[in-house]
Amino acid sequence: MPDPYDDFLFGDDEKKKKRFINENPEPLDFSSRYVPEENNKEPLDEILERNRLFQQKADAFSQLLSQSKAIDHKVDSGIARFFLSAEKKSTPTSLQEEKEYHKYLSHTFRKIIEMMRELAKIHQASVTQFNEDIDNDYYSLDKIEKEVDFEISSAMEGIHLQRQILSEGSEDLEIFESALEASEKRIKDYINKGGRDNISKSEAILIISKRELLTSGKEHHFDYSFFKMNLLDKAASNLGWYMKETTSQYLNKLIRVMG
């Protein structure tokens with residue numbers, strides 16, 4: 001109902017102004033890209049924070065590598081078998097023991113690759129952001145140049161450390177893969193052997209097929225072998241080398257590895 005005093009207090013123009021002022025304004029859209037985000041972190045801070053997250057998760061991963069004792073399952077090949085001074089590891093002496101050993105190796109492999117993939121995702125995010133946002137012209141609104149330089153160096157060291165940890169995971173997985181293949185060769189000896197230690201050809205084929213799906217990385221959409229370092233990689237990592245173009249190539253490969 002219109003206010004009966006409008007005509008007395010306001011002329012026509014004033015009434016229009018009053019109606020305009022009383023209209024409910026549209027709420028502000030705080031999701032707009034023109035509205036600055038609160039507590040927006042600088043790229044370098046995000047990288048350092050992600051590196052700390054990697055190290056937290058890497059604690060459990062490194063302990064898993066220690067407990068799995070991959071070296072105890074390393075398969076010796078060629079002439080090394082005859083000249084090793086270390087005590088020879090005992091091998092399963094029955095089909096049942098061989099199956100249990102194969103199951104143990106597969107279980108350990110799966111635990112390592114699952115944790116390693118999670119770490120690799122964090123590593124990929126750090127490398128991506130570093131490559132996109134950090135260069136010689138990078139500056140901070142809140143920090144002096146020396147502090148920025150120190151933190152960039154720390155970020156690089158963190159990324160190199162990640163590569164070293166992922167590399168060790170890759171090497172251990174390679175050992176377990178070889179141990180699984182060796183176990184499967186022994187299992188084949190029991191095909192149609194008869195008695196208690198007997199396995200059908202079909203069962204043996206299925207055991208191998210499931211293992212290949214696991215160790216190829218297809219089960220987890222993750223090519224772990226990418227992280228194995230050659231001597232040049234290790235030298236570069238130890239010296240802390242960083243080259244933009246080389247890192248771009250590394251990043252492109254890393255994206256493919258992560259599926």
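A salt bridge here is a side-chain nitrogen of Lys or Arg within 4 Å of a carboxyl oxygen of Asp or Glu. Glu-49 forms one with Lys-41, with the closest N and O atoms 2.6 Å apart.

## Basis

This is a predicted model: local features need pLDDT of at least 70, side-chain atom pairs count only at pLDDT 80 or more, and totals for chains, interfaces and linings use all residues. Residues are numbered from 1 along each chain as its sequence is written, and side-chain values use heavy atoms, with hydrogens and water left out.

## Confidence

pLDDT is the predictor's confidence in each residue, from 0 to 100. The protein has a mean pLDDT of 81, and 73% of its residues reach 70 or more. Helices (H or I, at least four residues) are DSSP runs, numbered from the N terminus.

The pLDDT is below 50 over residues 4-11; beyond near neighbours in sequence, that stretch has five contacts in the model. Contact means heavy atoms within 4.5 Å. Residues 82-87 also have pLDDT below 50, with one contact beyond near neighbours in sequence. Where pLDDT is low, the predicted coordinates should not be read in detail.

## Salt bridges

The whole structure holds 10 salt bridges. Relative accessible area sorts the partners: buried is under 20%, exposed over 50%, partly exposed in between (1.4 Å probe, protein chains only). Glu-49 is partly exposed at 38%. Lys-41 is partly exposed at 42%.

Asp-45 and Lys-143 meet at 2.5 Å, N to O. Asp-45 lies in helix α3 and Lys-143 in the loop between α5 and α6, so the pair ties together parts 98 residues apart in sequence. Asp-45 is partly exposed at 25%, whereas Lys-143 is buried at 18%. Arg-211 and Glu-184 form a salt bridge at 2.8 Å, N to O. It links helix α7 to helix α6, across 27 residues. Both Arg-211 and Glu-184 are buried. Shared partners join Asp-45, Lys-143 and Glu-151 into one network.

## Nonpolar cores

A nonpolar core is a set of buried Ala, Val, Leu, Ile, Met, Phe, Trp, Tyr and Cys residues joined through side-chain atoms within 4.5 Å. The largest has 41 residues; Leu-44, Met-116, Phe-222 and Phe-227 touch the most other members. Helices α3 (43-68), α5 (95-133), α6 (145-188) and α9 (244-257) each supply at least two residues. Helix α6 gives the most, 11 residues. Another core, of six residues, lies apart from it and includes Ile-187, Ile-199, Ala-204 and Ile-207.

## Aromatic pairs

Rings of Phe, Tyr and Trp (its six-membered ring) pair if their centres lie within 6.5 Å; planes under 30 degrees apart count as stacked, over 60 as edge-to-face and the rest as tilted. The structure holds three such pairs. Phe-222 and Phe-227 are tilted, at 5.8 Å centre to centre and 35° between the planes. Phe-226 and Phe-227 are edge-to-face, at 5.1 Å and 80°. Phe-222, Phe-226 and Phe-227 form one aromatic cluster. Phe-227 is buried at 4%. Beyond four places in sequence, its contacts include Met-116, Leu-166, Tyr-250 and Val-257.

Ala-179 sits in helix α6 and is buried at 2% relative accessibility. Leu-105 is 74 residues away in sequence, yet 7.6 Å away in space, C-alpha to C-alpha. Beyond four places in sequence, Ala-179 touches His-73, Val-75, Tyr-101 and Leu-105.

Thr-215 belongs to helix α7 (residues 201-215). Thr-215 is buried at 4%. Beyond four places in sequence, Thr-215 touches Phe-109, Glu-177, Leu-180 and Tyr-224.
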